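The points are grouped by topic.

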Amino acid sequence: MSELRLDQVSRWYGNVVAVNGISMTIGPGVTGLLGPNGAGKSTLIHMMGGFLPPSTGTIELDGATIWKNPQIYRHVGLVPERESAYDFLTGRQFVLAMAKLHKLPDPGAAAQRALAMVEMEPAQDREIGKYSKGMKQRVKMASALVHDPPVLLLDEPFNGMDPRQRLQLMDLIRRMAAEGRTVLFSSHILEEVERLATHIEVIVAGRHAASGDFRAIRRLMTDRPHVFLVRSADDRRLAAAIIADGSARSVELSGQGLRVEATDFRRFTWLLPQVARKEGVRLLEVSPADESLESVFSYLVGGAG
Ligand SMILES: Nc1ncnc2c1ncn2[C@@H]1O[C@H](COP(=O)(O)OP(=O)(O)OP(=O)(O)O)[C@@H](O)[C@H]1O
């Protein structure tokens, strides 16, 4: 059983801060790393896999530092987001090459075992370039599993898959976790993460925004007060209507518009346009007032990506 521990990890590229002071612990089972595009998921995964050093902070696997520690590669399998550039190889040749890179005692047997794990034996002698998206993903999984690592890191594994391929891969990931592995996968789709992950870590704009099981994340999204900035053609009139309607906890008039604190996020965003229409007030803008957390919630609830 393996545990990854991140302590105050940051990573910047020139002026761009991709990951900002993230601390978290990832244990056995399936963990979903959820966040919008550009949140820093790939950067985090590459650091966890030992392919990229943190600018500051530490990442440890079972107490051993990951960066510049070749031993780590034996314990971690990483499936990158990008497509393999080895389209001219067959699935078997590709997985075999990875087995040889790891200097496994019997690379042939290891490759065969890994291909069997992902049920790719029947197609192993065809070229990767001729595989479907789902098959390519499974061969990438086999290459990451060839040395039987206790930790598996998958970057956006469901991207571009059809529903059937998605289900197959979910089954496979569940199986990997049931065997005692620590499996982490990234995604920008809440539903995907909810279906598969027993634990969820949310990152937005490089920062750790929330963690827990999906119930905890959902609760966090709906229970806490949400502050919105609302601009309309007639702020005063709209403020009076919102107060009369009772759909907000407080309404303040400011120079930039209305600052509205809503207790029930969904109800408020559903009611506001109706209240405005009834009053004949045109809405110009509704935006979250607290960029860091509010954007997480509106992003998650809106399912945007
Ligand atoms: N090699 C790089 N050089 C400069 N900036 C980078 C580099 N890699 C990533 N970034 C920037 O760091 C931020 C985080 O990127 P990252 O790819 O880690 O996010 P992500 O959550 O994986 O998003 P996506 O799913 O779109 O890949 C982004 O602003 C990105 O533009």
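**Strand β7 and its neighbours**

Within β7, Val151 is the bridge partner of Val76. The model is predicted: local features need pLDDT of at least 70, side-chain atom pairs count only at pLDDT 80 or more, and totals for chains, interfaces and linings use all residues. Residues are numbered from 1 along each chain as its sequence is written.

- Strands β6 (residues 76-79) and β7 pair in the parallel sense over four bridges; pairing requires at least two DSSP bridges between two strands.
- Strands are DSSP runs of E with at least two residues, helices are runs of H or I with at least four, and both are numbered from the N terminus.
- A parallel pairing over four bridges also joins β7 to β8 (residues 182-187), where Val183 stands opposite Leu152.
- Val151 and Leu153 on one side of β7 (residues 151-154), and Leu152 and Leu154 on the other, are all buried (20 or more other C-beta atoms within 10 Å of the residue's own, with C-beta atoms placed from the backbone).

**Antiparallel sheet**

- Four strands form an open antiparallel sheet in the order β2-β1-β4-β5.
- Its edge strands, β2 (16-26) and β5 (64-65), each pair on one side only.
- Strand β4 (residues 56-61) pairs with β5 over two bridges in the antiparallel sense, and Glu60 stands opposite Thr65 in β5.

**Ligand shell**

- The residues surrounding the ligand include Tyr13, Asn37, Lys41 and Glu156 (C-beta atom, placed from the backbone, within 6 Å of the molecule).
- Helix α1 (41-48) and β2 each supply at least two shell residues, and α1 gives the most, with three.

Conventions: A residue is buried if 20 or more other C-beta atoms lie within 10 Å of its own, exposed if 12 or fewer, and partly exposed in between; C-beta atoms are placed from the backbone.
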